[in-house]
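My notebook is open, and I want to get my bearings in this one. I'll jot down each thing as I look it up.

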Amino acid sequence: MTDNVQSVGLPDERPPANTVGPIAWLRNNLFNSWYNAILTILVLGLLASAIPPFLNWLLFRAHGFDATSTVCRQDAGGACWGFISEKLRFIMFGMFPWEQQWRPLVTIAVFIALLVASCDRRFWKPWFGLVWAAGLALVAVLMWGGVFGLTYVENTLWGGLPLTIILSVIGLAVAFPVSILLALGRRSNMPAVKVLCVTYIELIRGVPLISLLFMASVMLPLFLPNGVSIDKLLRAQIAFIMFAAAYMAEAIRGGLQAIPKGQYEAADGLGLGYWQKMRKIILPQALAIAIPPLVNTFISFFKDTSLVIIIGLYDLLGTAKAALSDPSWRGFYREAYLFIGVIYWIFCFSMSKYSQKLERDLNRGHRR
Amino acid sequence: MSQAMSQGTKPKHTLSGEEIIRCTGVNKWYGEFHVLKNVNLSVQKGERIVVCGPSGSGKSTMIRCLNRLEEHQKGTIVIDGIELTNNLKNIELVRREVGMVFQHFNLFPHLTVLENCTLAPIWVRKMPKAEAEERAMSYLKRVRIAEQAKKYPGQLSGGQQQRVAIARSLCMSPKVMLFDEPTSALDPEMVKEVLDVMIGLAEDGMTMLCVTHEMGFAKSVADRVIFMDRGEIVEQDTPDAFFSNPKSERTRLFLSQILNH
Amino acid sequence: MATETRTTQGAPPPGGVSFSLSDPTFRAIVYQILVVGAVVLVGWFLISNTLDNLARRSIATGYHFLEREAAFGIGESLIDYSPKDTYGRAFLVGVLNTLKVSIIGVILATIIGTIIGVARLSSNWLIAKLASTYVEIIRNIPPLLQLFFWYALVSDGLPPVRQALNPIPGVFLSQRGLRVPVPAPDPVWANMGIALLVAIVAAWGVSRWARARQARTGQPFPAGWTGLGLIVGLPILTWLAGGAPLAMDVPKLTGFNFTGGGAISPEFFAILTGLTLYTAAFIAEVVRSGIKAVNWGQTEAARALGLPSSPTLRLVILPQALRVIVPPLTSQYLNLTKNSSLALAIGYPDLVSIANTTLNQTGQAIEGVTMIMGTYLVISLSISIFMNWYNKRIALVER
Ligand SMILES: Nc1ncnc2c1ncn2[C@@H]1O[C@H](COP(=O)(O)OP(=O)(O)O)[C@@H](O)[C@H]1O
Ligand SMILES: [Mg+2]
């Protein structure tokens, strides 16, 4: 006869030694089957043969920041960081007058401060728009000058990182309201408006950005009345705005679609008109949902600014390429591309981490 | 064993005495967390067992060890004469004989109800399609959902989906059926239709292990009720004895909590 | 007044539209007329300016220039082309080059992306970490920068033709790209192509037969392996039957360049490598999230039924994962095709770069840009039509 009441309150025991601890971790995560064991060993071999030569090139055999190209060419076994230190200011600021280059530097700082502050939910208030406006005005003063004793700098001399950031941030800021209208238009029940918006969005999304830049650089001058001309930077900016508006409209449409029907019905029940309903009830929710995809759009947009090199503007990639065309530094493309690659990467990676975090927060909020 | 439990009351039906599940000294850990502690369990053919206990006590983990959806680290589990080890062939053999019904149905959404039911017979039992469909229809009739055979799971209510899930398991002609809280994801009005199907199965002599909080079901159908708490089997007894005269303090506490609801 | 507006907001009064702004139907019509009017007005303004400007610069509109002699050379072409050919043919060369790099790129990116996406889900910690490092690095660097890097690596990093690297006999690596031996012309190659087609048809037949037999008798048949055997084996048999020709056309260095063999230009190498590796990172994410989107409960249910791992994957996991994967995957294909226009920056003669040369030589800016956009729109449109068809198909299966 078994005792019905078994021993009560058994104590917790430690798991068997072979299932926990570093050895078990290795077995479970690296050697949990014969093919994983082979893969692990192969990958370790690959890393062992690739990482030391790379580190040698990057650090141990590299020439320091004071190296000249002659020295570097004599021993080509390591990176030549002298190239970066000599061309640093050109790559970062382009042809901006040398002694005025603190101005683009401050511009970069202003933009980064604005972007970082915008990541904080506490600042998602209407008054923060004013902060942005003030920041952009400050940037305009810094870059152009001509007031407050700053010498005037033509925008043909702008280049490097400030140009990359200006093209993408201004493009985004102007395209944003346009994209809201496009997204609303696409979901509108007025057929003519809907057709126009769908055509615009699909047209832009169906063609490569280069063709828009071409259009802006060769067709835009034809579109304007005789005697009116706009400069290259503005033309590129217009192309970017047209491009960004279509992609952002799609992100916002996703947000609008995610709003439950009940919200629309509730708003109608309150007797609100269309614009009131959108502004007070639908858009705030839709935009909150659309922020992660919008940030993703911005990331690809930030990378795409590098295409302006094709119409002859010198953004970060353009200045790096121009620096490489200096005869004494020709061939040091690894250093140049690694350097600007890291800059691009830091911007894009931090933004993508931020968008992932937002998405997680959003999901958590929804589940509650 | 069954005599031991039938203090006073008779078993509701006679059991063959043939053992189909035997767990001896089963222990399991999730990392450092000791989730199953020295579980000993023996189930006979045709026996109907209800497992209950507070949430997080390891009920799901225990029945999921029985078809190796979870791996135990110490002790032995023998199902129908086959011991569950790392041997993949044995695991597949056991899984064909053990059906399982999940809390969230887990029907295949891209297949029709009928296809859900014929998938395993065709690919595991190597049954001709026509035969598999015929059998599937007969089981679907038995769970009273044959007219929905061409529909997709997404078109059915929760109760209907769970009945399809039961039919899907039955199509493999399992020797044992495991149920993991089959009614707790259902709206109250659908609980009964699923319980009725389960009662029907019990009456046909299916060996069943059922994790559930439906105490009415336990009282009317079960041969034995097992109470688990903190990873161990605290008490097992006939429903009458279990509900009227619980032996352990922990069982009493648990019963007072759920019966007062 | 306000209350009145509200009560009339529902349906219009019977008998048609009332001409009052408080009537939603009437208001919608007015709005639409205003919007369309504004668009037409702006369009008219732009067009009249353009016509004005064109007249002033005496540029003739129209596509007649396509029939004129192009008078520029093109580095690589899939069809015969010489500078004596027309602009129209030059553009066709560009379109074919775009399609070539896109199609090969799509195939390679899909293979690499799938491997990396699956690797990110691997139970092997090292493999998973390596794959996610790859994705995080590649995704966050502009594709144009990557193209420049690959191009510089070939054109700057490799020796000139005279000192070409010769890693394997017959294979030469130099600034002019890669030269490899290719099989010498022989009728057997054409026959092998036919054999391959026959094998594909046969494999399809075998799989149908196997399915029917399994439905009848329940006995499965290894149709996949048989098909693979046919597709590999039949061409090899044909080759053996044709006398197993082994003669190769090996590249030789004569003077300043190579003759013979097959060539991969540095531009093609750079654009293909750049696009493939960049898109593969995105495809890896698509594949990973598609697989993760299939609930773990599905695998458990299949296991609990006794299904072994291969049918579980084939019959339960993949069909569900593919529905999540295919739509974003096609948009990645579209992105790759659009990004192939970056070829312009390194001198691969794709359609954009040839249209660019054309519009610089002829001054036909509007026509040039329209041709680029039109071609891409046709490609995009065909892909969206496929997408809609696919979505409808799976939507039908769902409900
Ligand atoms: N995959 C897992 N990893 C770690 N802990 C788990 C896992 N699954 C379950 N647990 C833990 O094991 C305990 C028992 O879980 P479970 O068997 O699901 O309990 P029950 O079904 O009785 O509610 C719980 O504390 C749960 O948090
Ligand atoms: Mg549970």
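This is a predicted model: local features need pLDDT of at least 70, side-chain atom pairs count only at pLDDT 80 or more; totals for chains, interfaces and linings use all residues.

Helix 6 (187–217) and helix 7 (223–241) of chain C are the elements that give two or more residues to the patch. Helix 7 of chain C has the largest share, with seven residues.

I found Leu237(C) in helix 7 of chain C. Is Leu237(C) buried or exposed? I noted a relative accessible area of 53% for Leu237(C), and exposed means over 50%, so Leu237(C) counts as exposed.

Then I looked up the record for chain C. UniProt, in an unreviewed entry, puts "domain: ABC transmembrane type-1" at residues 95–387 of chain C. Over that stretch I read 71% helix and 7% strand. The end C-alpha atoms of residues 95–387 of chain C are 23 Å apart.

Last, I moved to chain A and Ser306(A). I located Ser306(A) in the loop between helix 12 (274–304) and helix 13 (316–324) of chain A. Its relative accessible area is 0%, and buried means under 20%, so I put Ser306(A) down as buried.

What does the side chain of Ser306(A) reach? I traced the side chain of Ser306(A) to the backbone oxygen of Lys303(A), at 2.7 Å. Leaving out residues up to four places away in sequence, I listed what Ser306(A) touches: Asp315(A), Leu317(A) and Tyr344(A), plus Pro142(C) and Leu144(C).

Notes. Residues are numbered from 1 along each chain as its sequence is written. Chains are lettered from A and ligands numbered from 1 in the order in which they are written. Side-chain values use heavy atoms; hydrogens and water are left out. Helices (H or I, at least four residues) and strands (E, at least two) are DSSP runs, numbered from the N terminus. Buried means under 20% relative accessible area, exposed over 50%, partly exposed in between (1.4 Å probe, protein chains only). UniProt positions are given in the numbering used here, feature names are shortened, and annotations may be inferred rather than shown by experiment. A polar contact is a pair of N or O atoms within 3.5 Å; within protein, one must be able to donate a hydrogen and the other to accept it, and residues adjacent in sequence count only if both atoms are side-chain atoms. Contact means heavy atoms within 4.5 Å.
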